[in-house]
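Have your viewer ready, try each task yourself, and then compare your steps with the worked solution.

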Amino acid sequence: MAKEEQLKAVKAYMKEDRDDPENDALIWALYQAAKLYLGVREPKEPNPLYDLAVWRLTLHYYDHRDAVGNEADFPAGLRPIINRLKADDAVNIL
């Protein structure tokens, strides 16, 4: 999926409809950070669980971007999704 499509999808999940290049750059950076945090390979085929995890984590980073020095609560229900993605990724290595 192209960058523009990925950005549009995550912004739709975030209910962020502003067209602001600075804000889009921030969201894109947070989206990239969320993908790295997951620690799994990006799926070659569409994977709703992967998308949900990345979008949810991006929204969490966006909502807590001013919480410097404070650890915000991790989004409820995200840890089991990440664990599942990691388990699936490990199986796909074989």
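## Exercise 1: H1 and H3

H1 passes H3 in a right-handed crossing. Keep in mind throughout that this is a predicted model.

**Task.** Find how close the axes of H1 and H3 come, the angle at which they cross, and which residues make the contact.

**Solution.** 
- Step 1: Select helix H3, residues 48–63, together with H1; their axes come within 10 Å and cross at roughly 65°.
- Step 2: List the contact residues. H1 contributes Ala 9, Val 10, Tyr 13 and Met 14, while H3 contributes Leu 52, Trp 55, Arg 56, Thr 58, Leu 59 and Tyr 62.
- Step 3: Sort them by class, which gives 8 nonpolar, 1 polar and 1 charged residues.

## Exercise 2: H1 and H2

**Task.** Decide whether H1 and H2 are roughly parallel or roughly perpendicular to each other, then sort the residues of their contact by class.

**Solution.** 
- Step 1: Take helix H1 as residues 3–14 and helix H2 as residues 21–38; the two axes come within 10 Å and cross at roughly 95°.
- Step 2: Angles of 65 to 115 degrees count as roughly perpendicular, so H1 and H2 are roughly perpendicular to each other.
- Step 3: Collect the contact residues: Lys 3, Gln 6, Leu 7, Val 10, Lys 11 and Met 14 from H1, and Asp 24, Ile 27, Trp 28, Tyr 31 and Lys 35 from H2.
- Step 4: The contact of H1 with H2 divides into 6 nonpolar, 1 polar and 4 charged residues.

Now zoom in on one residue of this contact.

**Task.** Is Trp 28 buried or exposed, and which residues does Trp 28 contact beyond its neighbours within four places in sequence?

**Solution.** 
- Step 1: Locate Trp 28 in helix H2.
- Step 2: Its relative accessibility is 16%, and therefore Trp 28 counts as buried, the cut-off being under 20%.
- Step 3: Setting aside neighbours within four places in sequence, Trp 28 is in contact with Lys 3, Gln 6 and Leu 7.
- Step 4: Check a distance as well: Trp 28 and Lys 11 are 17 residues apart along the chain, and their C-alpha atoms are separated by 9.5 Å.

## Exercise 3: H2 and H3

**Task.** Work out how H2 is oriented relative to H3 and how the contact residues divide by class.

**Solution.** 
- Step 1: The axes of H2 and H3 come within 8 Å and cross at roughly 125°.
- Step 2: This angle makes H2 oblique to H3.
- Step 3: The crossing of H2 past H3 is right-handed.
- Step 4: Contact residues on H2 include Leu 26, Ile 27, Leu 30 and Tyr 31, and those on H3 include Tyr 50, Ala 53, Val 54 and Tyr 61.
- Step 5: The contact of H2 with H3 has 15 nonpolar residues, 2 polar and 1 charged.

Two H3 residues deserve a follow-up. Val 54 touches Tyr 31, Ala 34, Lys 35 and Leu 38, with residues up to four places away in sequence not counted. Tyr 61, also in helix H3, counts as partly exposed because its relative accessibility is 23%. Apart from neighbours within four places in sequence, Tyr 61 is in contact with Leu 30, Ala 33, Ala 34 and Tyr 37. The C-alpha atoms of Tyr 61 and Ala 33 are separated by 9.0 Å, although these residues lie 28 apart along the chain.

## Exercise 4: The nonpolar core

**Task.** How many residues does the largest nonpolar core have, and which helix gives the most to this core?

**Solution.** 
- Step 1: The largest nonpolar core has 19 residues; among those with the most contacts inside it are Val 10, Ile 27, Val 54 and Leu 85.
- Step 2: H1, H2, H3 and helix H4 (78–93) each supply at least two residues of this core.
- Step 3: H2 gives the most, with 6 residues.

## Exercise 5: Buried or exposed?

**Task.** Classify Asp 89, Lys 15 and Met 1 as buried or exposed.

**Solution.** 
- Step 1: Asp 89 has its place in helix H4. Its relative accessibility is 15%, so Asp 89 counts as buried. Asp 89 touches Val 40 and Arg 41, not counting residues up to four places away in sequence.
- Step 2: Lys 15 sits in the loop between H1 and H2 and is exposed, with a relative accessible area of 75%. Lys 15 also has a positive phi of about 60°, although it is not a glycine.
- Step 3: Met 1 is in the segment before H1 and is exposed, at a relative accessible area of 66%.

How values were computed:
Residues numbered from 1 in each chain as written. Predicted model: local features only at pLDDT ≥ 70, side-chain atom pairs only at ≥ 80, totals over all residues. Heavy atoms only, no water. Axes fitted to C-alpha atoms, helices over the stretch in contact; angles between N-to-C directions. Helix = DSSP H or I, 4+ residues; strand = E, 2+ residues; numbered from the N terminus. Parallel < 35°, antiparallel > 145°, perpendicular 65-115°, else oblique. Contact = heavy atoms within 4.5 Å. Nonpolar A, V, L, I, M, F, W, Y, C, P; charged D, E, K, R; others polar. Buried < 20%, exposed > 50% of the residue type's maximum accessible area, 1.4 Å probe, protein only. Left-handed = near helix turned anticlockwise from the far one by under 90°. Core = buried A, V, L, I, M, F, W, Y, C linked by side-chain atoms within 4.5 Å.
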